[in-house]
Amino acid sequence: MIEFASAERRLPYKFGNRRSYWPDERPKVRALNIQRQMSAIAALMENELRGVAPAMPELDFERASGREWKAYEDMLDAVVCAAVGICVLEGRAVPFGDDQSAIWIPKPGSAKTAR
């Protein structure tokens with residue numbers, strides 16, 4: 001996601017880490033911040049895979065259970081993995097690792113822009 005977002009560091013979207021991202025904020029604000037970040041990631045992935053944003057379920061940040069947050073987070077992670085796979089097939093990713101195993105990272109500047 002760092003490369004897709006042209007970000008300098010990891011994006012703060014993991015629900016379980018919300019307190020460490022914003023330690024001085026109230027729980028509702030933390031949840032809202034996570035929801036906003038997740039929505040931004042879904043919109044970003046829409047550039048790579050058309051139909052992502054409307055396919056993601058609505059998540060009520062004030063009422064969602066921890067299980068619902070985790071399910072949404074897992075869906076986003078799966079979409080990102082699929083987008084990276086597409087980058088690999090299109091030659092827009094590079095492997096990091098060795099002959100036995102590697103992870104694939106989109107090349108800097110290879111993210112598709114809004115259509």
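**A first look at the chain**

A: Buried residues make up 30% of the 115 residues in the chain, where buried means under 20% relative accessible area, exposed means over 50% and partly exposed lies in between, using a 1.4 Å probe and protein chains only. This is a predicted model, in which local features need pLDDT of at least 70 and side-chain atom pairs count only at pLDDT 80 or more, while totals for chains, interfaces and linings use all residues. Residues are numbered from 1 along each chain as its sequence is written, and side-chain values use heavy atoms, with hydrogens and water left out.

Q: OK, and how many helices and strands are there in the chain?
A: The chain has five helices and two strands, and along the sequence they follow the pattern α-α-α-α-α-β-β. Helices (H or I, at least four residues) and strands (E, at least two) are DSSP runs, numbered from the N terminus.

Q: What box do the C-alpha atoms fill?
A: Taken along the principal axes, the C-alpha atoms fill a box of roughly 45 × 30 × 25 Å.

Q: Tell me about helix 3, then: how many residues does it have?
A: Helix 3 covers residues 27-48, which is 22 residues, and from its first C-alpha to its last it reaches 32 Å, close to the 32 Å expected at 1.5 Å a residue; the expected span is 1.5 Å times one less than the number of residues.

Q: And which elements do its buried residues pack against?
A: The buried residues of helix 3, among them Val29, Ile34, Met38 and Ile41, pack against helix 1, helix 2 (18-21), helix 4 (52-55) and helix 5. A contact here means heavy atoms within 4.5 Å.

Q: Switching topic, how much space lies in the largest pocket?
A: About 420 Å³ lies in the largest pocket. On a 1 Å grid over the protein atoms alone, a pocket is an open set of points where a 1.4 Å probe fits, with protein on both sides within 12 Å along at least five of seven lines, and lining residues have an atom within 4 Å of a point. The volume is the space filled by probe spheres set on the points, which are joined across faces, edges and corners.

Q: Which residues lie nearest its centre?
A: Of the 17 residues that line the largest pocket, Met1, Ile2, Arg10, Tyr13 and Val80 lie nearest its centre. Helix 5 gives the most to this lining, with four residues.

Q: What about salt bridges, how many does a search of the whole structure find?
A: The search finds nine, each counted as a side-chain nitrogen of Lys or Arg within 4 Å of a carboxyl oxygen of Asp or Glu. One of them joins Glu73 and Lys70, with the closest N and O atoms 3.7 Å apart.

Q: Are those two buried or partly exposed?
A: Glu73 is buried, with a relative accessible area of 5%, whereas Lys70 is partly exposed at 43%. Both lie in helix 5, three residues apart, about one turn of the helix, and they belong to a network of salt bridges that also links Lys14, Asp74 and Asp77.

Q: Which partners does Glu90 meet in salt bridges?
A: The side chain of Glu90 meets that of Arg92 at 2.8 Å, N to O, and that of Lys112 at 3.8 Å. Glu90, in the loop between helix 5 and strand 1 (93-97), and Lys112, in the segment after strand 2, are 22 residues apart, and this pair links distant parts of the chain.
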